[in-house]
Amino acid sequence: MGRLMSIRLEQRGEMSRAMIYGSPLIAVVLTLIAGAGLFAILGVDPLDALVTYFITPIATLDGVAELFVKATPLVLIGIGLAFGFQANVWNIGAEGQLTIGALAGGGLALLFYEVDTVFLLPAMVIAGILGGMAWAAIPAFLRTRYNTNEILTSLMLVYVALLILSYLIHGSWKSPESLNFPESRLFHDAALMPILVEDTRLHIGWLFALAAAATGWILIARHIVGFQIKVIGMAPRAAGFAGYKEKKIIWLTLMMSGGAAGLAGMIEVSGPIGQIVPVISPGYGFTAIIVAFLGRLHPVGVTLAGILMALTFLGGETAQVDMNLPNAVTGVFQGMLLFFLLATDVLVKFRIRMSSPKPAPAVQEEAAE
Amino acid sequence: MIPDWIVLAILTIVTASTPLVFAAIGEVVVEKAGVLNLGIEGMMVMGAISAFAVGVMTEDATLAILAGAIAGAALALIFGVLTLYLMANHVATGLALTLFGLGLSALIGHSYVGKTYPGLPRLDIPGLSDIPVIGPLLFGHDILVYLSILSVILVTWVLTKTRWGLLIRGVGENHDAAHSIGYSVNLIRLACVLFGGAMAGLGGAYLSLAHTPLWVENMTAGRGWIALALVVFGSWRPWRTFFGAYLFGGITIVQLHAQGFGVAIPSQIMSMLPYLATVIVLVFISRDSSRARLSAPACLGRNFHASG
């Protein structure tokens with residue numbers, strides 16, 4: 001490419017700090033421009049569409065509350081995944097862990113349907129976390145014991161988890177009063193997330209997300225485990241010499257991301273949904289992957305990215321209602337955002353030089369992170 | 001004498017396996033060149049909607065099939081530019097490609113939901129197709145089924161018997177060496193990525209033109225990921241990958257027929273079989289780590305930058 005366009009990429013001596021923080025912003029701006037173009041192609045006034053997408057949803061208190069309701073699972077899962085991604089552990093089955101967490105926590109609510117106790121909700125939280133962990137334990141075990149690629153196993157288990165949900169909700173968990181609709185009984189108040197801001201749907205789940213972000217920050221920036229995770233991700237051989245146990249880190253990161261996803265699933269059924277339904281998540285587990293990258297795998301960044309991504313979900317819903325645009329636009333936006341982010345990321349490690357190429361190129365290789 | 005229902009069952013296995021063959025054989029070439037494209041699902045689903053849309057609009061099967069291949073390759077081009085020239089992480093870019101493809105296909109397909117396509121014509125050869133059993137099994141398929149088998153033969157031949165194959169394997173095994181003797185690593189890789197995209201697009205086209213000739217959002221239903229697993233299953237060899245695809249097609253059909261015969265297992269449990277089978281097969285393949293490492297291209301998933 002260099003010779004064709006006489007634009008070359010030159011490796012920077014150090015990573016550009018400006019670009020580490022700047023490239024997500026550039027990516028967001030490029031996504032908005034490309035989005036405007038997309039709307040124009042669809043025959044919709046771009047400015048109008050962008051306002052409907054990104055401003056209208058948060059113009060009211062209800063809207064802002066809804067933004068945090070949607071950001072809760074994204075931030076929770078994104079924080080969990082970021083640990084694994086830093087250690088080169090690719091858990092992309094968070095959607096499945098979320099589903100099993102929702103089933104574990106929600107199942108407890110159905111099991112103790114008649115019981116009204118303050119202990120129910122904490123028990124559901126623990127069940128949700130354990131459910132997600134159990135589902136993530138399968139790829140962790142297979143990777144550490146049989147060296148099986150966790151990308152494929154965790155993803156295959158998403159489909160299995162969704163089928164388990166479908167089986168239960170069409171079978172024994174179906175509410176006797178639902179007139180044969182595949183949905184469970186409505187949870188009792190003792191099994192519902194308390195509301196944080198009155199007259200909105202914002203519940204205490206958001207505090208769990210913030211707590212996860214804070215814990216994540218302490219762990220990654222101030223704790224030896226965070227350091228080990230980073231070393232294993234960046235220099236596996238060096239980590240081996242230092243005596244860091246790769247298997248331990250694989251288990252740890254998968255348990256953290258699985259537990260966080262399971263908690264997110266439990267919060268969804270116990271918070272905004274209030275019962276178990278056939279579709280618990282509109283793909284939070286997959287979007288959280290983008291959230292983790294957009295947030296630079298850093299807890300503060302992930303929190304901000306989670307809120308931004310929540311806006312794309314909200315905007316998609318608003319655009320569907322107000323402008324009759326298909327909800328799928330959300331996926332297109334999310335995909336584009338990740339593309340642009342990955343594309344602008346090159347500026348962190350390389351600088352662009354416009355000149356004719358020098359002779360005798362030296363060979364250098366960049367291991368994928 | 002083989003009863004008719006067995007012939008029919010085999011024909012449905014062919015239908016279930018063909019999309020997997022296309023996608024997996026394409027990915028074999030991509031990975032042989034050292035690139036790990038996790039976006040097969042996105043390229044497949046874009047191939048499916050593009051082929052279906054063009055098919056419905058023009059009623060021309062050839063154009064529809066071409067549209068599927070081009071759409072897959074177009075998406076692969078994004079992946080190629082990002083990973084090869086902008087040195088983006090292969091895993092993250094592939095995921096983005098899948099999310100983007102699923103979203104964009106749903107957006108395009110919005111106005112095609114509920115429309116129907118007559119399906120691909122069978123290439124009947126008068127006389128031959130009428131032979132009982134052998135006739136329908138060997139001669140009664142549509143063009144894409146033959147194309148899928150032809151692609152296995154061609155890819156095997158190119159990879160093992162030609163200079164091109166040597167180049168592809170060279171950049172996959174050691175990109176520095178290939179670069180130092182004067183080959184353009186990224187150009188070879190880009191060609192392979194585009195080929196893989198076109199093949200995934202053809203797999204998707206088969207789904208929406210022949211398998212179930214209509215458009216349903218998200219209709220690939222994880223087949224792209226299964227294709228990825230099949231490449232590992234086939235230890236990066238075209239024929240083994242091909243048999244893997246038919247094995248999985250077979251499992252899918254057995255699962256469907258078991259329901260038809262009134263086997264008292266809930267449909268959801270049966271539907272889990274292909275996914276669980278993928279996991280179990282992966283475990284068996286990867287258990288012997290020394291062997292897995294021998295057959296995987298040495299530079300798989302690593303970026304290449306010639307600085308200077």
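Hi everyone, let's start with the fold of chain A: 15 helices and 3 strands, where helices (H or I, at least four residues) and strands (E, at least two) are DSSP runs, numbered from the N terminus. Its radius of gyration is 22 Å, close to the 21 Å from the globule rule for 369 residues, so chain A is as compact as a globular protein of that length. That radius is taken over C-alpha atoms, and the rule is 2.2 Å times the number of residues to the power 0.38.

A quick note on the source: this is a predicted model, where local features need pLDDT of at least 70, side-chain atom pairs count only at pLDDT 80 or more, and totals for chains, interfaces and linings use all residues. Residues are numbered from 1 along each chain as its sequence is written, with chains lettered from A and ligands numbered from 1 in the order in which they are written.

Now the interface: 50 residues of chain B are in contact with 49 of chain A, meaning C-beta atoms, placed from the backbone, within 7 Å. On the chain B side, H4(B) gives the most, with 13 residues.

A:Asn147 is not a glycine, yet its phi is positive, near 65 degrees; it sits in the loop between helix H6 (120–146) and helix H7 (150–170) of chain A. With 16 C-beta neighbours inside 10 Å, A:Asn147 counts as partly exposed. B:Glu59 also has a positive phi, about 55 degrees, and is exposed, with 11 other C-beta atoms within 10 Å. For those labels, 20 or more other C-beta atoms within 10 Å is buried, 12 or fewer exposed, and in between partly exposed, with C-beta atoms placed from the backbone.

Conventions:
Two residues are in contact if their C-beta atoms, placed from the backbone, lie within 7 Å.
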